[in-house]
Amino acid sequence: MPVDRCVCLNLTFTSLLETARSRSLTVDQLRAVTGCGGGCGLCVPYLRLVLGTGQTSLPVMPPEGHRIAGRSPGPPSDSAHGRS
Ligand code: FES
């Protein structure tokens, strides 16, 4: 299921993008004006993509801080548990 809004505030990325573009806002300024990202904060990396790319429907991403060397975390491999 694509992500298309700040769930905490129920603000769509489409409306947030329109607000940002109409006022030439950065992500931080958009957050300050709308409150978006002030809840759980999970929408913040999406906001960066929305403002950077203009896309308003994005695939689910892992939470920030959970990416290692550009890879998404996956399930542990068997070798990590002493099995091979
Ligand atoms: S989804 Fe935007 S603050 Fe939680």
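Good morning. Let me begin with a definition: axes here are lines fitted to C-alpha atoms, for helices over the stretch in contact, and the angles between N-to-C directions run from 0 to 180 degrees. Please keep in mind throughout that this is a predicted model.

I shall discuss two helix pairs, both involving helix α1. In general, two packed helices are described by the angle between their axes and the distance between the axes.

The opening pair is α1, residues 13–23, with α2, residues 27–34. Their axes come within 10 Å and cross at roughly 110 degrees. Because angles of 65 to 115 degrees count as roughly perpendicular, α1 is roughly perpendicular to α2. The crossing of α1 past α2 is right-handed. Which residues make this contact? From α1 they are L16, T19 and A20, and from α2 they are L30, V33 and T34. Sorted by class, the contact of α1 with α2 contains 4 nonpolar residues, 2 polar residues and no charged ones.

I turn now to α1 with α3, a helix that covers residues 44–53. Here the axes come within 10 Å and cross at roughly 60 degrees, and α1 and α3 are therefore oblique to each other. This crossing, too, is right-handed. On the α1 side, the contact is made by F13, L16, L17 and A20; on the α3 side, by Y46, L47, V50 and L51. The contact of α1 with α3 has 8 nonpolar residues, with no polar and no charged ones.

To close, I would draw attention to L16 and A20 of α1, which take part in the contact with α2 and also in the contact with α3. Thank you.

Technical notes. Residues numbered from 1 in each chain as written. Predicted model: local features only at pLDDT ≥ 70, side-chain atom pairs only at ≥ 80, totals over all residues. Helix = DSSP H or I, 4+ residues; strand = E, 2+ residues; numbered from the N terminus. Parallel < 35°, antiparallel > 145°, perpendicular 65-115°, else oblique. Left-handed = near helix turned anticlockwise from the far one by under 90°. Contact = placed C-beta atoms within 7 Å. Nonpolar A, V, L, I, M, F, W, Y, C, P; charged D, E, K, R; others polar.
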